[in-house]
Amino acid sequence: MNKVRADAAEAVADIPDGASLAVGGFGLSGVPEVLIRALHERGTTGLKVVSNNCGVDGRGLGILLSAGRIARVTGSYVGENKEFARQYLGGELEVELTPQGTLAERLRAGGAGIPAFYTPAGVGTQVANGGLPWRYAPDGTVAVASPRKETRDFVGRPYVLEHGITTDFALVRAWRGDHHGNLVFRRAAANFNPLAAMAGRVTVAEVEELVEPGALRPDEIHVPGIYVQRVVALTAGQAADKPIEKRTVRP
């Protein structure tokens with residue numbers, strides 16, 4: 001039941017080239033930065049990432065992206081990463097864009113054992129009809145486009161079929177966690193972290209504060225330990241490293 005690993009390097013040591021990863025975070029909030037850096041140092045490549053966004057230049061998943069370690073991204077928002085745009089438009093990166101709420105539900109459904117579900121989001125657009133560029137050719141033409149999805153009417157309204165997502169591994173960051181893998185997230189840092197934790201077949205959590213079993217009240221636990229296989233306790237310095245994506249101050 002003790003799922004604590006010595007460090008991040010040990011926790012990600014068996015993630016192979018070509019693995020699929022669900023990664024928590026939104027912008028730079030709640031990003032498992034330490035685990036991402038450990039994966040970068042290990043040299044793992046060809047990764048297929050499922051995450052709301054792919055970090056920014058030099059932080060979060062942007063570290064793996066700039067090193068050419070990511071082959072495919074399923075996400076919702078890509079607007080803060082110039083290297084992402086360069087790789088995507090240059091045909092170096094395959095990208096599946098999906099509505100943000102749909103992505104969240106696809107992760108949750110996968111973690112709950114639900115293979116697919118219907119949603120009105122995307123009906124009447126290329127999300128449902130197909131044709132979204134997944135990969136460009138070097139000459140700028142579309143090399144791979146999204147397929148048409150099944151649609152069906154319920155109570156007179158059209159819905160599109162979306163598939164649940166499960167991944168080989170998941171990387172998440174929690175505020176508090178115990179030796180059994182029970183996790184608590186704090187405020188906005190919750191974002192996609194609980195959903196990513198559910199979707200991974202092997203979930204690795206970096207926690208800012210590691211507590212003994214029984215210290216967390218059952219009603220405050222956001223992700224029960226059954227979803228988590230490995231826990232890494234952060235140092236004080238690592239826990240305090242929380243960059244702000246955009247800082248606005250008064251003149």
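Reader: Which glycine comes after H4, and what is its phi?
Author: H4 is followed by Gly91, and the phi of this glycine is positive, near 80°; helices are DSSP runs of H or I with at least four residues, strands are E runs of at least two, and both are numbered from the N terminus. This is a predicted model, in which local features need pLDDT of at least 70 and side-chain atom pairs count only at pLDDT 80 or more, while totals for chains, interfaces and linings use all residues. Residues are numbered from 1 along each chain as its sequence is written, and side-chain values use heavy atoms, with hydrogens and water left out.

Reader: OK, which residues of H4 are buried?
Author: In H4, which covers residues 82–89, the buried ones are Glu83, Phe84, Gln87 and Tyr88, where buried means under 20% relative accessible area, exposed over 50% and partly exposed in between, with a 1.4 Å probe and protein chains only. Seen down the helix axis, these buried residues fall within an arc of 130°, so they line one face of H4; the arc is taken from the directions between the axis and the C-beta atoms.

Reader: And what does the face turned away carry?
Author: That face of H4 carries the exposed residues Lys82 and Leu89.

Reader: What happens at the start of H4?
Author: There, a side-chain oxygen of Asn81 comes to within 3.1 Å of the backbone nitrogen of Glu83.

Reader: Glu83 again, then: what does its side chain join up with?
Author: The side chain of Glu83 makes a polar contact of 2.8 Å with that of Gln87 (a pair of N or O atoms within 3.5 Å, one able to donate a hydrogen and the other to accept it within protein, residues adjacent in sequence counting only if both atoms are side-chain atoms). Glu83 is buried, with a relative accessible area of 19%, and, leaving aside residues up to four places away in sequence, it touches Asp57, Leu65 and Ser66.

Reader: Switching topic, where is Glu206, and is it buried or exposed?
Author: Glu206 sits in strand E12, residues 200–211, and is buried, with a relative accessible area of 0%.

Reader: Which backbone nitrogens lie by its side chain?
Author: A polar atom of the Glu206 side chain lies 3.1 Å from the backbone nitrogen of Val34, and the backbone nitrogen of Leu35 lies 2.9 Å from a polar atom of that side chain.

Reader: What else does Glu206 touch?
Author: Not counting residues up to four places away in sequence, the residues that Glu206 touches include Val31, Pro32, Glu33, Val172, Arg173, Ala174, Val232 and Leu234.

Technical notes:
Contact = heavy atoms within 4.5 Å.
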